[in-house]
Amino acid sequence: MWADVEYSPVGEGLGMRDFWLYVWMRRAAVIAAHVTGLGLTLIISLLSRPGTSLFSWHPLCMSVAYCLCMTEGILLFSAEGSPFCFKSRKGKVRLHWFCQALVLIAAATGLSFMVASKNVSERPHLVSWHSLLGICTLAATALQAACGVCVMFPKLLRLNRPVQRLKLYHATCGLVVYLLATVTIMSAMFSDWFQATVKGVAWWAFLLLPLFPALVVMNQITNGYLPRKKITS
(Lines give C-alpha, C1' and ligand atoms only; values in the text may rest on other atoms or scores of the structure.)
Protein backbone atom coordinates (compact mmCIF):
# COMPACT_ATOMS: atom_id res chain seq x y z
CA MET A 1 0.00 0.00 0.00
CA TRP A 2 2.87 2.35 0.75
CA ALA A 3 5.13 1.20 -2.08
CA ASP A 4 4.38 4.25 -4.23
CA VAL A 5 4.84 6.79 -1.45
CA GLU A 6 7.97 8.81 -2.06
CA TYR A 7 10.36 10.00 0.62
CA SER A 8 9.81 13.46 2.02
CA PRO A 9 12.03 15.09 4.65
CA VAL A 10 9.03 16.79 6.22
CA GLY A 11 8.83 15.62 9.82
CA GLU A 12 12.44 14.40 9.83
CA GLY A 13 14.21 14.84 13.16
CA LEU A 14 11.08 14.43 15.27
CA GLY A 15 10.88 11.99 18.17
CA MET A 16 8.74 8.89 17.73
CA ARG A 17 5.84 10.33 19.71
CA ASP A 18 6.00 13.68 17.92
CA PHE A 19 6.33 11.91 14.58
CA TRP A 20 3.14 9.87 15.03
CA LEU A 21 1.32 12.95 16.29
CA TYR A 22 2.44 14.76 13.15
CA VAL A 23 1.26 11.87 10.96
CA TRP A 24 -2.18 11.75 12.58
CA MET A 25 -2.54 15.53 12.31
CA ARG A 26 -1.82 15.31 8.58
CA ARG A 27 -4.35 12.49 8.19
CA ALA A 28 -6.96 14.49 10.10
CA ALA A 29 -6.28 17.51 7.87
CA VAL A 30 -6.72 15.46 4.68
CA ILE A 31 -9.94 13.89 5.95
CA ALA A 32 -11.22 17.34 6.93
CA ALA A 33 -10.39 18.59 3.42
CA HIS A 34 -12.49 15.75 1.93
CA VAL A 35 -15.39 16.64 4.22
CA THR A 36 -15.06 20.38 3.49
CA GLY A 37 -15.08 19.87 -0.27
CA LEU A 38 -18.09 17.57 -0.13
CA GLY A 39 -19.87 19.79 2.39
CA LEU A 40 -19.41 22.93 0.30
CA THR A 41 -20.75 21.14 -2.75
CA LEU A 42 -23.85 19.87 -0.95
CA ILE A 43 -24.64 23.18 0.75
CA ILE A 44 -24.15 25.27 -2.39
CA SER A 45 -26.33 22.78 -4.29
CA LEU A 46 -29.10 23.22 -1.73
CA LEU A 47 -28.78 27.00 -1.68
CA SER A 48 -28.92 27.28 -5.47
CA ARG A 49 -32.17 25.25 -5.67
CA PRO A 50 -31.40 23.71 -9.08
CA GLY A 51 -34.26 23.80 -11.54
CA THR A 52 -35.79 27.05 -10.30
CA SER A 53 -33.96 29.03 -13.02
CA LEU A 54 -31.22 28.70 -15.61
CA PHE A 55 -28.78 30.39 -13.23
CA SER A 56 -29.53 27.91 -10.44
CA TRP A 57 -27.59 25.23 -12.32
CA HIS A 58 -24.43 27.35 -12.49
CA PRO A 59 -23.44 27.19 -8.79
CA LEU A 60 -24.32 23.49 -8.71
CA CYS A 61 -22.17 22.57 -11.70
CA MET A 62 -19.22 24.71 -10.64
CA SER A 63 -19.22 23.45 -7.06
CA VAL A 64 -19.32 19.86 -8.32
CA ALA A 65 -16.46 20.63 -10.71
CA TYR A 66 -14.05 22.44 -8.40
CA CYS A 67 -15.09 21.88 -4.77
CA LEU A 68 -15.67 18.17 -5.28
CA CYS A 69 -14.12 16.63 -8.40
CA MET A 70 -10.92 18.68 -8.61
CA THR A 71 -10.32 18.41 -4.87
CA GLU A 72 -10.84 14.65 -4.87
CA GLY A 73 -8.79 14.25 -8.04
CA ILE A 74 -5.78 15.73 -6.24
CA LEU A 75 -6.28 14.34 -2.74
CA LEU A 76 -6.54 10.76 -3.98
CA PHE A 77 -2.74 10.84 -4.36
CA SER A 78 -2.36 11.62 -0.66
CA ALA A 79 -1.00 8.83 1.51
CA GLU A 80 -2.83 10.23 4.54
CA GLY A 81 -6.60 9.90 4.79
CA SER A 82 -7.36 9.13 1.16
CA PRO A 83 -10.15 6.56 0.60
CA PHE A 84 -8.13 5.36 -2.41
CA CYS A 85 -4.88 4.73 -0.52
CA PHE A 86 -5.23 1.00 -1.27
CA LYS A 87 -5.12 1.60 -5.01
CA SER A 88 -1.96 1.21 -7.07
CA ARG A 89 -0.28 4.24 -8.58
CA LYS A 90 -1.71 3.28 -11.98
CA GLY A 91 -5.19 3.00 -10.50
CA LYS A 92 -4.88 6.41 -8.87
CA VAL A 93 -3.80 7.98 -12.15
CA ARG A 94 -6.88 6.55 -13.87
CA LEU A 95 -9.14 7.89 -11.12
CA HIS A 96 -7.37 11.24 -11.41
CA TRP A 97 -8.09 11.34 -15.12
CA PHE A 98 -11.74 10.44 -14.49
CA CYS A 99 -12.12 13.20 -11.87
CA GLN A 100 -10.47 15.81 -14.08
CA ALA A 101 -12.67 14.80 -17.02
CA LEU A 102 -15.69 15.37 -14.77
CA VAL A 103 -14.23 18.79 -13.87
CA LEU A 104 -14.14 19.80 -17.54
CA ILE A 105 -17.64 18.47 -18.23
CA ALA A 106 -19.24 20.05 -15.16
CA ALA A 107 -17.41 23.37 -15.64
CA ALA A 108 -18.41 23.58 -19.31
CA THR A 109 -22.01 22.80 -18.37
CA GLY A 110 -21.99 25.45 -15.65
CA LEU A 111 -20.58 28.01 -18.09
CA SER A 112 -23.29 27.16 -20.63
CA PHE A 113 -26.07 27.72 -18.07
CA MET A 114 -24.49 31.03 -17.03
CA VAL A 115 -24.26 32.26 -20.62
CA ALA A 116 -27.85 31.16 -21.31
CA SER A 117 -29.09 32.90 -18.16
CA LYS A 118 -27.33 36.14 -19.11
CA ASN A 119 -28.73 36.00 -22.64
CA VAL A 120 -32.29 35.40 -21.47
CA SER A 121 -32.14 38.23 -18.93
CA GLU A 122 -30.26 40.43 -21.45
CA ARG A 123 -27.52 41.22 -18.97
CA PRO A 124 -23.92 41.93 -20.07
CA HIS A 125 -21.21 39.30 -19.81
CA LEU A 126 -17.85 39.55 -18.04
CA VAL A 127 -18.59 42.65 -15.97
CA SER A 128 -17.60 41.35 -12.53
CA TRP A 129 -14.35 40.14 -10.99
CA HIS A 130 -15.94 36.75 -10.43
CA SER A 131 -16.77 36.31 -14.12
CA LEU A 132 -13.28 37.39 -15.20
CA LEU A 133 -11.63 35.08 -12.68
CA GLY A 134 -13.98 32.31 -13.78
CA ILE A 135 -12.95 32.60 -17.42
CA CYS A 136 -9.28 32.58 -16.41
CA THR A 137 -9.89 29.49 -14.26
CA LEU A 138 -11.66 27.65 -17.08
CA ALA A 139 -8.87 28.48 -19.52
CA ALA A 140 -6.22 27.38 -17.02
CA THR A 141 -8.14 24.15 -16.37
CA ALA A 142 -8.21 23.34 -20.08
CA LEU A 143 -4.48 24.06 -20.43
CA GLN A 144 -3.74 21.91 -17.40
CA ALA A 145 -5.71 19.05 -18.94
CA ALA A 146 -3.60 19.41 -22.08
CA CYS A 147 -0.48 19.29 -19.89
CA GLY A 148 -1.82 16.08 -18.36
CA VAL A 149 -2.08 14.57 -21.83
CA CYS A 150 1.59 15.41 -22.39
CA VAL A 151 2.50 13.63 -19.14
CA MET A 152 0.54 10.53 -20.12
CA PHE A 153 1.76 10.27 -23.72
CA PRO A 154 5.21 11.89 -23.95
CA LYS A 155 6.54 9.40 -26.52
CA LEU A 156 3.44 9.62 -28.70
CA LEU A 157 3.74 13.42 -28.72
CA ARG A 158 7.51 13.18 -29.24
CA LEU A 159 8.41 15.31 -26.23
CA ASN A 160 12.11 15.51 -25.38
CA ARG A 161 11.64 16.43 -21.72
CA PRO A 162 12.11 13.71 -19.06
CA VAL A 163 8.82 12.33 -17.74
CA GLN A 164 9.73 13.25 -14.17
CA ARG A 165 10.22 16.87 -15.17
CA LEU A 166 6.87 16.86 -17.01
CA LYS A 167 5.22 15.49 -13.87
CA LEU A 168 6.81 18.28 -11.84
CA TYR A 169 5.49 20.88 -14.29
CA HIS A 170 2.04 19.25 -14.25
CA ALA A 171 1.86 19.20 -10.44
CA THR A 172 3.07 22.79 -10.14
CA CYS A 173 0.61 24.07 -12.75
CA GLY A 174 -2.12 22.01 -11.09
CA LEU A 175 -1.47 23.80 -7.81
CA VAL A 176 -1.70 27.18 -9.57
CA VAL A 177 -5.02 26.15 -11.18
CA TYR A 178 -6.42 24.94 -7.87
CA LEU A 179 -5.45 28.16 -6.08
CA LEU A 180 -6.98 30.19 -8.91
CA ALA A 181 -10.17 28.14 -8.62
CA THR A 182 -10.19 28.78 -4.86
CA VAL A 183 -9.95 32.54 -5.41
CA THR A 184 -12.77 32.31 -7.97
CA ILE A 185 -14.98 30.40 -5.53
CA MET A 186 -14.29 32.97 -2.81
CA SER A 187 -15.13 35.81 -5.20
CA ALA A 188 -18.51 34.14 -5.80
CA MET A 189 -19.32 34.82 -2.13
CA PHE A 190 -19.39 38.54 -3.00
CA SER A 191 -22.01 38.10 -5.73
CA ASP A 192 -25.46 39.62 -5.26
CA TRP A 193 -27.05 36.15 -5.31
CA PHE A 194 -24.87 34.71 -2.57
CA GLN A 195 -24.97 37.78 -0.34
CA ALA A 196 -28.77 37.79 -0.58
CA THR A 197 -28.87 34.09 0.30
CA VAL A 198 -26.27 33.86 3.08
CA LYS A 199 -25.67 36.59 5.65
CA GLY A 200 -23.90 37.27 8.93
CA VAL A 201 -21.47 34.81 10.49
CA ALA A 202 -22.44 32.09 8.01
CA TRP A 203 -21.22 34.28 5.14
CA TRP A 204 -17.79 34.65 6.76
CA ALA A 205 -17.64 30.89 7.34
CA PHE A 206 -18.37 30.21 3.67
CA LEU A 207 -15.77 32.77 2.63
CA LEU A 208 -13.02 31.08 4.64
CA LEU A 209 -13.95 27.41 4.13
CA PRO A 210 -12.45 27.05 0.61
CA LEU A 211 -9.07 28.06 2.02
CA PHE A 212 -8.72 24.88 4.07
CA PRO A 213 -8.72 22.35 1.20
CA ALA A 214 -6.43 24.73 -0.69
CA LEU A 215 -3.88 24.67 2.14
CA VAL A 216 -4.04 20.86 2.32
CA VAL A 217 -3.56 20.55 -1.45
CA MET A 218 -0.68 23.04 -1.36
CA ASN A 219 0.98 21.06 1.44
CA GLN A 220 0.53 17.78 -0.44
CA ILE A 221 2.01 19.03 -3.71
CA THR A 222 4.91 20.98 -2.22
CA ASN A 223 5.89 18.13 0.11
CA GLY A 224 5.57 15.61 -2.71
CA TYR A 225 7.65 17.44 -5.30
CA LEU A 226 9.77 20.30 -3.93
CA PRO A 227 11.91 18.20 -1.55
CA ARG A 228 13.07 15.98 -4.38
CA LYS A 229 16.63 15.99 -5.61
CA LYS A 230 17.34 18.08 -8.64
CA ILE A 231 16.09 16.44 -11.82
CA THR A 232 18.64 16.16 -14.56
CA SER A 233 17.64 17.38 -17.99
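**Close-up views of a predicted model**

Trp-203 counts as buried, at 10% relative accessibility (buried is under 20% relative accessible area, exposed over 50%, partly exposed in between; 1.4 Å probe, protein chains only). The model is predicted: local features need pLDDT of at least 70, side-chain atom pairs count only at pLDDT 80 or more, and totals for chains, interfaces and linings use all residues. Residues are numbered from 1 along each chain as its sequence is written, and side-chain values use heavy atoms, without hydrogens and water.

**View 1. Phe-190 meets Trp-203 edge-to-face.** The ring centres are 5.2 Å apart and the planes stand at 80° (rings of Phe, Tyr and Trp, its six-membered ring, pair if their centres lie within 6.5 Å; planes under 30 degrees apart are stacked, over 60 edge-to-face, the rest tilted). Phe-190 lies in the loop between H5 and helix H6 (192–197), and Trp-203 in helix H7 (residues 201–208) (helices are DSSP runs of H or I, at least four residues, numbered from the N terminus). Phe-190 is partly exposed, at 46% relative accessibility.

**View 2. Phe-194 and Phe-206 also pair edge-to-face.** Their centres are 5.5 Å apart, with 80° between the planes. Phe-194 sits in helix H6 and Phe-206 in helix H7, 12 residues apart. Both are buried. Phe-55, Trp-193, Phe-194 and Phe-206 form one aromatic cluster.

**View 3. Arg-27 places its charged end over the ring of Trp-24.** The distance to the ring centre is 4.8 Å (a charge sits over a ring if NZ of Lys or CZ of Arg is within 6 Å of the ring centre and within 35 degrees of the ring normal).

How values were computed: Helix = DSSP H or I, 4+ residues; strand = E, 2+ residues; numbered from the N terminus.
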